[in-house]
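Dear colleague,

I am passing on the structure we spoke about, and below it you will find a short account of what came out of the analysis. Please read the account with the structure open beside it.

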Amino acid sequence: MFQLPFPVRDINASAGAQPLGDLPEWNLDDLYAGEDAPELKRDLDWLESACTSFATDYEGKLDALDAAGLLDCIKRQERINQVAGRIMSYAGLRYYQLTTDAGRAKFMSDMQEQITNFTTPLVFFTLELNRLEDDHLNGLLAQNADLARYKPVFDRIRAMKPHQLSDEMEKFLHDLGVVGDAWERLFDETIAGLEFNIDGEPLNIEGTLNFLTDPNRKKRETAARELAEVFASNIKTFARVHNTQAKEKEILDRWRGMPTAQTGRHLSNDVEPEVVEALRNAVVAAYPKLSHRYYELKRKWLGLDRMQVWDRNAPLPMEDPRIVDWDEAEKTVMDAYNAFDPRMGDIAKPFFKDGWIDAGVKPGKAPGAFAHPTVTDVHPYVMLNYLGKPRDVMTLAHELGHGVHQVLAAEQGEMLSSTPLTLAETASVFGEMLTFRKMLDGAKNKAQRKVMLAGKVEDMINTVVRQIAFYDFECKLHDARRGGELTPDDINALWMSVQAESLGPAFDFMDGYETFWAYIPHFVHSPFYVYAYAFGDGLVNALYSVYADGTPGFEEKYFDMLKAGGSKHHKELLAPFGLDASDPKFWDKGLAMISGFIDELEEMENE
């Protein structure tokens, strides 16, 4: 089944009528010109025929193919993936532009159903591939260098071999997948359709979340309480979605013999469970010297006896609340990218010039931000909800980093370009770091430097501490669901069990905050996705320290890493930089950068 990834960042975008300049919108013509485009019908007809002929030519025959025959089989499968991916990218991107439009929702659903029906006969491919003996497959790879390129693909497919079901059952699950997608759509449409009232003004969720960063504390409190009230009035729907999704996952995991709810994500990320556990443990152990220490500083800056949850993302009193218009945001990010390497700027330029970014906040538009790679013979598209906050500039840098990575990895082809989530955050977080360092170097005085450092620390805490707390919440949620249906109060309690631990003793938690798990899309769209953010941040912090040390040839090594896409394991990708994510001390190196920023802030405070 083909799905459109929806990696929404946990950001606080906003709504409002700020003069931001000419915000770009997507031009999806590079995919298709419309629902009735003749090219779309041509591709659907081709796809149906290609899937049928592929099954006729290869089902039951994979073990008899020689190296050249298996290579031809792989290339045909790759082309099918490419055409199906183009269709679903178009349908999905149009839907996310206006999730409340029934016609767009129907079109996406219809495309998903057709493609699922077309591709059901192809389920045999991975099943038969996994039945090949190791010696036989290795012998074929040794005979043909072009075929050997696909070894990482074979390795990832064959990692699922112990969890493979019967051919008939796998086809049934493939068909059933479109039903499970309905719960994701219910979540998306519910979130997009929520209406909040702030001082008599009706707002969507983006606009309301934005008030959590407002300089006016009363407005922040009003927004937080309004969010809590609206979430509470819809909590049964959100609890139903989470219960159903978690139960569906438990059933699949049980049938597949997955030892934990997280195992499937680790396999798809091509990362060892012990590496993730080392990351998680390092971050949790660092809570006191990271988030606890920083929020105590922030409490003093805000002049508060106690912090409330609506103060977490409050601007600092000394912060300039200015709005950054789109032209300035573009220049800031492009200057940082070009300063690192002009090649990065050249890759990023078309995003701004050719309709590859959809930036404005609009009614019905999906919340958050993402970069979608589409397919390797087109180009990525970036979605933002940009309203001129400095944090929005960092989001632009982040998503553009994804886009650059996706453009470079496309050279690998459809099957090898896809990067595991743990490595997919590398270029995005690195792009943020480049932009931040460029802005920090331009600070005019200590006060401005202090504000910039504090903002970066907050972003890093949101990326590392907050996401690991999210991961712990998910682990608890899926574990608890295996014991039976969870009430909204049950889920609320699990959420609160990780919040105080991660945020620290500076905070009080208002009544209603226990429902704030409800709007996080990752929990629904991509269970256990969230640790990839912490993985990426820790990896990039370590990587950036190598760059800052002036390591010769760093830029070339960095581009080679991005070009590799999903063709190499994280150990192989990091080796040229002298780094190893399987070493527990690796994570301490990354966390030390955040701690070092807090050290500098404390020193400024004591001067």
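Among contacts between residues at least 6 apart in sequence, 80% join residues at least 24 apart; please keep in mind, here and throughout, that this is a predicted model.

As for the overall build, the protein has 28 helices and 7 strands. Its radius of gyration is 24 Å, close to the 25 Å that the globule rule gives for 607 residues, so the protein is as compact as a globular protein of that length. Taken along the principal axes, the box filled by the C-alpha atoms is roughly 75 × 55 × 50 Å. Of the 607 residues, 60% count as buried, while the accessible surface of the protein comes to about 23700 Å², with 50% of that surface belonging to carbon and sulfur atoms.

Between β5 and β6, the latter made up of residues 381-383, the pairing is antiparallel and extends over 3 bridges; within β6, Y381 is the bridge partner of H372.

How values were computed. Residues numbered from 1 in each chain as written. Predicted model: local features only at pLDDT ≥ 70, side-chain atom pairs only at ≥ 80, totals over all residues. Heavy atoms only, no water. Pairing = 2+ DSSP bridges. Helix = DSSP H or I, 4+ residues; strand = E, 2+ residues; numbered from the N terminus. Rg over C-alpha atoms; globule rule 2.2 N^0.38 Å. Buried < 20%, exposed > 50% of the residue type's maximum accessible area, 1.4 Å probe, protein only. Contact = heavy atoms within 4.5 Å. Areas by Shrake-Rupley, 256 points an atom, 1.4 Å probe, with all protein chains shown as cover.
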